[in-house]
Amino acid sequence: MATLEARAPVTQPHPTKKKNVVWDLMTTVDHKKIGLLYGVTALFFMVVGGIEATLIRIQLAKPENDFLSADAYNQIFTMHGTTMVFLVGMPIAVALFNYIVPLQIGARDVAFPRLNALSYWIFLFGALFMNSSFLIGQAPNGGWFGYANLTSEQYSPGMNIDFWALGLQALGAASIMGGVNFITTILNLRAPGMKLMRMPLFTWMALLTSFLIVTALPVFAVALFLITFDRFWGTTFFVTQAGGDPVLWQHLFWMFGHPEVYILILPAFGIVSEIIPVFSRKPLFGYAVMVYSGALIALIGWGVWAHHMFATGMGPIADAFFTVSTMIIAIPTGVKIFNWIATMWGGKIRFTTPMLYAIGMLITFTIGGVSGVMHATSPHDLQQTDTYFVVAHFHYVLIGGLIFAIFASLFYWFPKYTGRLMSDRWGKVNFWLFFIGFNMTFMPQHWIGLLGMPRRVFTYSAELNLTGLNQLSTAGVFVQILGVAVLFGNVLWSLKRGAPSGPNPWGGATLEWATTSPPPEHNFNRIPVVHTREPMWLESAAAEDAARGTPEPHIHLPPSSYWPIFTAFGAVLTFVLFLTNLWWAPLIGLTWTTLGAINWAYEPTH
Amino acid sequence: MALNEAAAVRPGGALARRAAGALSALVLAAAPVSGQEPAYPQTTFQPVSAYGASQNAVFMNTFWWTMGILVLVVLLTLYVAWRFRERPDSPEPAHVHGNVKLEIAWTLIPAVIVVLIAIPTVQTIFENQRRAPEGALQVEVIGHQWWWEFRYPEHGVVTANQMYIPVGRPIDLKMHSADVIHSFWIPRIGGKRDVNPQARAHEGESPSFNHIVFTADSAGYYPGQCAEYCGDSHAIMRMSVVAVAEPDFDAWVAAMQRGDAPAEAPVVAQPAAQLTVPTETGAAQAPPTQATPAQALAAGQEGVRGQEAQGPQPRPLPAPGQVRPPTGIGSAVQPGIPDSIYALQGRQVFGSSVCVACHAIQGTSAVGMVGPSLTRFGARPHVGAGAAENNLANLIRWIRDPQALKPGTLMPGAHKAGGGFPPTGLTDAEIHAIAMYLLSLR
């Protein structure tokens with residue numbers, strides 16, 4: 001029972017004895033701590049994925065380079081994509097959902113706090129499991145979308161693809177649990193008076209993203225099960241000699257994969273929709289349309305998957321359908337961009353670092369959107385697909401869209417996490433370095449692609465005459481690295497020395513700014529009652545009084561539990577033991593998981 | 001000029017067209033000049049078929065519309081950010097929550113633009129996927145890890161990695177894969193198509209193939225490569241189309257059909273085993289060389305790579321019977337022995353080696369089907385589907401240790417197994433002779 005668990009009468013934890021920090025984090029069910037764990041883990045993997053990206057670009061800095069072997073290169077580009085999508089993009093959004101959403105809706109925690117911890121630990125163990133493949137030199141090497149039948153036993157006999165399929169299965173399960181959790185939280189735990197159409201845009205996007213997660217990830221789970229069955233138990237879903245069809249994989253993958261793109265970008269839209277109004281000192285222009293267009297994008301996002309497959313040979317009718325549906329999705333996206341500009345219009349714009357990143361995102365994301373419409377022009381997509389033009393496009397969407405927004409959110413909400421502001425001056429240095437380095441890396445790739453260089457090639461011929469552009473692209477990476485180094489330095493410096501922020505340093509409009517920075521474990525002393533969309537602008541006295549005034553006599557919080565980490569370990573162990581190829585080995589992990597689940601069920605929550 | 005044609009699709013007057021043309025050159029760095037070899041051999045901006053040109057045209061239409069929107073958004077964003085920046089005298093902003101008319105406007109205007117983009121796009125989709133017209137030349141394209149097989153059922157010709165086609169005649173590429181998914185992409189011909197493994201057809205169904213239908217407008221050498229990641233050496237799965245005038249194509253077909261059929265060849269001076277006894281050393285350090293193999297066996301066979309074919313000539317055709325020991329291959333070569341002798345010897349070595357288990361040469365007893373056909377191999381620009389330039393040194397390196405030039409290739413080396421096959425065990429003298437023989441097949 002969702003709401004019961006969160007609100008069950010439990011012991012009031014005002015611990016006086018000092019807790020062991022590690023044990024505390026291992027057993028915590030506090031959404032804020034789990035959010036920080038997610039965030040730090042995602043940033044760690046951002047560094048891992050960034051190192052992989054750097055190796056890729058070094059290899060491509062000159063034609064016929066032998067810096068990396070073909071095999072190493074193929075493993076690294078596969079893990080770069082897999083890492084950035086599943087270990088950075090998704091968890092970093094989940095980190096923000098965890099920390100921010102309950103605060104924005106005036107809740108004490110998420111609906112299923114222990115499930116939340118379970119999601120995190122499965123994610124962490126799954127990520128470590130997948131990356132452990134590097135230790136035996138057999139990291140996944142089938143590309144991040146692992147097209148069958150290259151991934152079949154016959155053409156990929158090593159353990160590479162096993163690590164990929166099993167690891168992603170675990171990560172997917174964690175994401176689905178998270179999705180269920182946030183849907184329940186947002187629908188059931190809102191403060192009194194916070195109707196759906198009074199929710200902050202970020203929470204709205206979290207809700208839509210969660211719906212996409214619980215609907216799209218299962219499709220991927222099915223696809224992964226099929227390939228796992230093929231590889232371990234000799235089924236023939238993708239084995240052509242036995243009548244299987246590798247194109248089936250493409251449909252299943254992209255039926256998940258395209259909604260996945262919106263899973264990654266909708267949170268970014270949410271972040272920018274929070275930041276632009278605050279730093280323009282104006283409410284979001286066209287709130288309702290922003291909500292509807294987000295919902296429309298999520299919905300139409302389900303009907304465009306085959307635009308990744310124009311070269312597959314689906315026939316002109318399917319090509320025409322997916323061309324038009326894809327072009328249509330540009331309309332609600334364009335509306336969002338114009339509404340953000342209209343929000344700034346007539347405002348009083350403060351050029352803080354988060355606002356710079358938001359404005360930068362507006363521009364770079366539009367570049368990615370525009371090249372997206374070019375892809376939708378399917379006759380010419382046959383020239384673009386699988387070239388560096390596509391690589392340029394999705395990096396403009398995912399870095400120019402998502403990562404810019406994530407960096408904006410870091411500066412924006414850092415005071416809430418820590419009670420301290422990050423250095424704005426170094427923030428701007430970091431923004432300009434990253435902005436310039438990013439464009440230097442990926443702008444030339446548009447030309448590299450249209451002038452004839454396919455993606456996923458470990459080497460290219462000097463005859464292509466693309467050496468100069470590739471070198472420019474590689475040089476840009478080092479400017480980006482400098483930018484990110486400044487960012488990390490800023491974070492570390494600001495943790496200790498940042499100026500104290502107070503509860504609401506930016507004049508934010510939403511409820512997370514009512515409570516202290518960082519918030520107490522129970523978030524709000526009393527649950528605020530909301531009458532407007534911008535409680536901290538229009539009814540701040542009441543909101544602040546509820547958040548920081550006299551506390552409720554009985555505040556109920558779930559106690560910490562070690563069963564989530566115990567169960568998560570068993571679940572991932574099950575997948576790991578599949579690699580032994582002993583039929584009974586995974587049963588050990590399964591038994592472990594069951595043991596955890598039973599103890600979980602009988603754990604007293606009060 | 002493709003770009004100007006493309007610009008013509010865009011609504012607007014001549015001035016706009018000219019401006020657009022100039023801008024495209026600037027923005028897209030394509031700098032096309034009619035009749036010249038493009039600076040970028042795999043550019044998509046200078047298609048040589050109506051198929052590619054139609055794709056470029058819809059792209060240009062989309063490009064200019066979306067570029068207009070992009071410029072608008074960027075300028076508007078920068079203007080608004082500057083105009084409404086916080087100043088000491090900035091008034092507190094009014095809390096505007098929206099404006100229905102404006103929002104309808106910026107929903108409808110993009111919608112109209114989408115329609116203007118979608119109409120020509122959908123038309124082109126259907127045009128480009130028509131069945132091949134009567135009389136089209138069918139070429140069967142079979143993708144392999146990591147090379148291309150081209151079959152001409154009309155002529156009974158099989159070749160690899162380099163496809164000859166006649167200019168002006170419609171070509172129908174009928175494509176499937178022998179293993180994993182590949183993608184056939186010759187950018188200057190036009191957009192790529194996946195080359196899918198054939199799913200076993202169920203009862204009552206006929207297997208389906210992907211097709212590319214196009215007609216080459218002008219003769220030339222058009223390189224391309226596999227565009228769908230297909231494993232280790234995906235990057236070295238290159239091929240080219242050589243478009244030639246119809247008579248040259250017919251000559252090429254005739255030469256391919258004859259292949260290396262026995263002709264009045266000089267008698268072999270010595271049996272292969274007795275010729276030269278090389279050591280392992282020397283040849284291993286063979287540097288690239290411009291050595292010119294003799295043409296003894298190919299004497300009288302004119303190369304069909306005529307004036308029209310713009311392909312890179314790997315090396316000039318040597319005079320028949322030219323005596324020139326190749327440099328840099330050490331003890332494998334005895335001074336004073338004509339190239340033709342090596343080639344003849346190589347023919348014998350090849351015919352009695354394990355090579356024939358996988359490779360075929362038209363007109364000989366070699367009929368292997370696993371690897372690429374080597375008929376008229378000497379005329380191909382590359383070794384190993386683009387792994388290296390086709391010259392004596394590279395070919396020797398390739399036969400001795402193909403994995404070193406192309407990671408993962410299924411071809412076994414002299415001392416290393418590959419693709420489930422044992423090492424060939426060829427000696428350096430045999431490898432040299434085989435290389436000389438293959439290069440003589442022009």
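How many residues does the contact take from chain B and from chain A? The contact takes 79 from chain B and 82 from chain A, where two residues are in contact if their C-beta atoms, placed from the backbone, lie within 7 Å. Keep in mind that this is a predicted model: local features need pLDDT of at least 70, side-chain atom pairs count only at pLDDT 80 or more, and totals for chains, interfaces and linings use all residues. Residues are numbered from 1 along each chain as its sequence is written, while chains are lettered from A and ligands numbered from 1 in the order in which they are written.

- On the chain B side, helix H3 (50-83), helix H4 (100-128) and strand E7 (193-195) each supply at least two residues; helices (H or I, at least four residues) and strands (E, at least two) are DSSP runs, numbered from the N terminus.
- H3(B) gives the most to that side, with 16 residues.
- By class, the side of chain B that touches chain A has 39 nonpolar, 29 polar and 11 charged residues. Here Ala, Val, Leu, Ile, Met, Phe, Trp, Tyr, Cys and Pro count as nonpolar, Asp, Glu, Lys and Arg as charged, and the others, Gly among them, as polar.
- B:Thr66 sits in helix H3 of chain B and is buried, with 23 other C-beta atoms within 10 Å. The cut-offs are 20 or more such atoms for buried, 12 or fewer for exposed, and partly exposed in between, with C-beta atoms placed from the backbone.
- Leaving aside neighbours within four places in sequence, B:Thr66 is in contact with A:Val370, A:Val373 and A:Met374.
- From the other chain, A:Ile367 belongs to helix H11 (residues 353-376) of chain A. A:Ile367 is buried, with 23 other C-beta atoms within 10 Å.
- Not counting residues up to four places away in sequence, A:Ile367 touches A:Tyr396, A:Gly400 and B:Leu70.

**Helix H8 of chain A**

- H8(A) has 35 residues and reaches 51 Å from its first C-alpha to its last, close to the 51 Å expected at 1.5 Å a residue (1.5 Å times one less than the number of residues).
- A kink of about 25° is centred on A:Trp254; the bend at a residue is the angle between axes fitted to the seven residues ending there and the seven starting there.
- Of the 35 residues of H8(A), 33 are buried, so the helix is largely enclosed by the rest of the structure.
- Helix H8 (residues 246-280) packs against helix H9 (residues 287-300) of chain A at about 170°, with axes 11 Å apart. That makes the two roughly antiparallel, a label for angles over 145 degrees.
- A:Tyr262, A:Leu266, A:Phe269 and A:Ser273 in H8(A) meet A:Met290, A:Gly294, A:Ile297 and A:Ala298 in H9(A). The classes here are 6 nonpolar, 2 polar and no charged residues.
- A:Arg281 follows H8(A), and its phi is positive, near 55°.

**Backbone spots to check**

- A cis peptide bond joins A:Ala148 and A:Asn149, with omega about 0°. A:Asn149 lies in the loop between helix H5 (113-132) and helix H6 (160-188) of chain A.
- Another cis peptide bond joins A:Ser517 and A:Pro518, with omega about -10°.
- A:Glu64 has a positive phi near 55° and counts as exposed, with 9 C-beta neighbours inside 10 Å.
- B:Arg376 has a positive phi near 55°, but counts as buried, with 25 C-beta neighbours inside 10 Å.

Definitions and conventions: Axes are lines fitted to C-alpha atoms, for helices over the stretch in contact, and angles run from 0 to 180 degrees between N-to-C directions. Angles under 35 degrees count as roughly parallel, over 145 as roughly antiparallel, 65 to 115 as roughly perpendicular and the rest as oblique.
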